[in-house]
Amino acid sequence: MASGRIGLDPARPAAARAWLAPSRSGQRSLASAPREAFDVRGGAGGCWQLTFSTVSGALPLGLLSWQLFGGRLGYHSGRLSARRRIIPRSCRAEGNAGNPAPSTGIDTAGPAVWPSLMLFVGPAYALVVTNMILTAVDKAFVGRISSVQLAALGPAAAVFDCCSYLLTFLNTATLSLLGSSPSNEKSRVRSHALIFSVALGAMLGALMLLQASPAVRLVGASQQMLPYSILYLQIRALGSPIDRMGSVATQFCLAEKDGITPMLATLIAAVFNAVGDYLLCPRYGLGGAAIATVAASATSLVFIVYRLRLKGLWPALTLPGLEDLKPFTSFAGLVFLILLLKITSFTVMTGSATVLGTAPAAAHQVLVSVLFVAGIAFGQPLSWAAQSFLPGATKQPERRRTEGALVAVSLVFMCLGILVAGLLASNPSIFTQDLPVLREVRKAAAPCVAFSALYVAFLALEGVAIAKQRLRACVVIATAVAGGGVLAIWTLRVKGLLTLASLWTSQAALLALGTATAAIVACRR
């Protein structure tokens with residue numbers, strides 16, 4: 001610890017003595033101080049006191065990180081502070097006498113951001129992972145009944161999930177509008193979002209109900225699978241309005257920085273779905289699994305509505321007019337395009353892996369599972385967090401603390417994503433025992449791990465850009481990544497260099513460029 005003092009030395013130039021002398025107003029500008037006023041001398045007292053924290057190289061990394069990021073993460077301790085005020089005692093004395101002490105422009109007080117952020121992203125991660133587990137539970141129960149019905153589940157679930165994913169633009173629009181709307185307008189936004197979700201869910205359900213057969217044929221359902229795939233898709237289509245309504249209601253919780261309620265709702269749905277599968281699958285097969293999933297979604301929705309009512313967040317429904325539709329359409333159109341481009345990228349990757357043969361195609365599915373668990377599951381909560389926390393941080397110090405907390409949590413999640421992806425990709429026997437498939441997975445494991453880690457960062461940065469309403473830039477980035485991905489795959493095929501490893505490597509390289517560009521867009525002031 002080093003300290004010093006600055007005294008009113010008669011030997012100092014007159015300008016320095018005049019600036020250091022007590023002021024009537026108690027206000028001094030450091031920018032206007034003469035250089036001679038800062039002659040620091042050894043000692044323990046004086047009118048000015050400068051305190052410096054020293055960090056030993058032997059200190060733990062955690063303490064060093066706390067010291068570096070403490071101020072930005074909203075932790076403002078008197079002992080562990082990386083930034084100090086330099087205030088004359090005479091000024092402090094006058095401030096205590098009734099005059100305000102001079103401001104240094106440094107925010108040294110404020111609520112901690114990172115604990116709230118961790119309490120948000122932790123349950124949000126559990127929410128995403130639990131949703132993924134629901135499909136695995138269905139597969140486990142159906143697989144015990146019939147391998148044909150298990151195979152039929154793939155095309156039907158793919159159609160339903162892709163169509164539902166396209167409608168998540170309404171989720172993003174709702175979350176952002178709730179974050180940017182004044183308090184007296186939020187109930188109206190919630191009401192309109194619910195009505196739009198039910199209407200779009202009903203339209204999507206009707207479309208899937210009427211076009212179930214050509215839709216599942218399009219994604220590879222064989223003649224033997226066809227009746228089971230159609231049955232599953234049609235039952236899920238009937239529950240589409242419930243599914244969309246529950247998804248939008250979840251955004252109401254996230255907008256209030258409540259990640260616990262959606263997590264509990266998903267856990268309840270998971271238990272209900274498992275019990276339903278156990279009771280219905282032995283008798284009704286794949287149709288029973290579909291019924292159990294729809295019933296689980298309805299149960300989850302009831303729980304969310306109950307919790308929102310307790311908190312006074314459930315709106316009185318009012319029919320929206322055309323003017324009320326504009327905020328959603330102006331925002332959601334670009335988000336819809338971004339989602340469509342992402343689906344296109346993954347579809348092209350899957351199609352390219354399929355033409356390589358059975359073993360590469362199966363290995364690609366394993367790698368996609370790794371990406372979902374280690375990439376999307378860690379990245380999506382960060383995107384939600386950015387859209388939930390940043391719009392409310394209107395003051396510059398608060399925004400800096402929030403952005404700093406997001407950076408720190410994102411780095412932690414990236415490290416966790418690398419760890420999980422590495423463990424899963426290096427142990428593919430968890431997913432399959434087929435030796436040719438295992439060989440293909442191991443060849444492409446490294447680029448898959450890189451892709452997963454980059455996708456965590458990409459989703460986090462995209463969430464920041466959306467929170468700052470830089471949607472056009474997000475569309476440009478998504479277009480460049482998708483278009484570049486198609487071009488890279490086509491080039492590899494033409495030159496005869498397309499393998500599963502080269503496929504994932506090329507896409508990881510493009511995603512790295514997209515992530516760097518997204519960082520520039522998100523961090524631009």
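Tutor: Let's start with one term: two residues are in contact when heavy atoms lie within 4.5 Å. The model we are looking at is predicted.

Student: Which residues of α17 and α18 meet by that definition?

Tutor: On the α17 side they are Phe458, Glu462, Ala465 and Ile466, and on the α18 side Leu471, Cys474 and Ile477. By class, this contact has 6 nonpolar, no polar and 1 charged residues. Glu counts as charged, and Glu462 is one of the α17 residues in the contact.

Student: Why are α17 and α18 called roughly antiparallel?

Tutor: Helix α17 covers residues 445–467 and helix α18 residues 471–494, and they pack at an angle of about 150° with their axes 8 Å apart. Angles over 145 degrees count as roughly antiparallel, so α17 and α18 get that label. As for handedness, α17 passes α18 in a left-handed crossing.

Student: What is found in the loop between α17 and α18?

Tutor: Gln469 lies there. Its phi is near 60°, a positive value in a residue other than glycine.

Student: How do you know that Gln469 is exposed?

Tutor: Exposed means over 50% relative accessible area. Gln469 has 53%, so it is exposed.

Student: Which other residue has a positive phi although it is not a glycine?

Tutor: Lys257 has one, at about 60°. Lys257 sits in the loop between α10 (240–255) and α11 (260–284).

Student: Why does Ala140 count as partly exposed?

Tutor: Set its value against those cut-offs of 20% and 50%. Ala140 is at 45% relative accessibility and therefore counts as partly exposed. Ala140 is part of helix α4 (residues 114–145).

Student: Why does Leu406 count as buried?

Tutor: Buried means under 20%, and Leu406 comes to 6% relative accessibility, so it counts as buried. You will find Leu406 in helix α15 (residues 396–426). Neighbours within four places in sequence aside, Leu406 is in contact with Leu117, Ala385, Ala386, Leu390 and Val464. One of these, Ala385, is 21 residues away in sequence and 8.0 Å away in space, C-alpha to C-alpha.

Student: How do you know that the span of helix α9 agrees with its number of residues?

Tutor: The expected span is 1.5 Å times one less than the number of residues. For the 13 residues of α9 (residues 226–238) that should give 18 Å, and the end C-alpha atoms are 18 Å apart, so the two agree. Buried residues in α9 include Leu226, Ile230, Leu233 and Ala237.

Student: At what angle do helix α14 and helix α19 pack?

Tutor: Helix α14 (residues 358–389) and helix α19 (residues 500–523) are at about 35°, with axes 10 Å apart. The contact includes Pro360, His364 and Leu371 of α14 and Leu500 and Trp504 of α19. Its residues divide into 8 nonpolar, 1 polar and no charged.

Student: How many helices and strands does the chain have?

Tutor: The chain has 19 helices and 2 strands. Of its 525 residues, 47% count as buried. Among contacts between residues at least 6 apart in sequence, 80% join residues at least 24 apart.

How values were computed: Residues are numbered from 1 along each chain as its sequence is written. This is a predicted model: local features need pLDDT of at least 70, side-chain atom pairs count only at pLDDT 80 or more; totals for chains, interfaces and linings use all residues. Side-chain values use heavy atoms; hydrogens and water are left out. Helices (H or I, at least four residues) and strands (E, at least two) are DSSP runs, numbered from the N terminus. Buried means under 20% relative accessible area, exposed over 50%, partly exposed in between (1.4 Å probe, protein chains only). Axes are lines fitted to C-alpha atoms, for helices over the stretch in contact, and angles run from 0 to 180 degrees between N-to-C directions. Angles under 35 degrees count as roughly parallel, over 145 as roughly antiparallel, 65 to 115 as roughly perpendicular and the rest as oblique. A crossing is left-handed if the near helix is turned anticlockwise from the far one by less than a right angle, and right-handed if clockwise.
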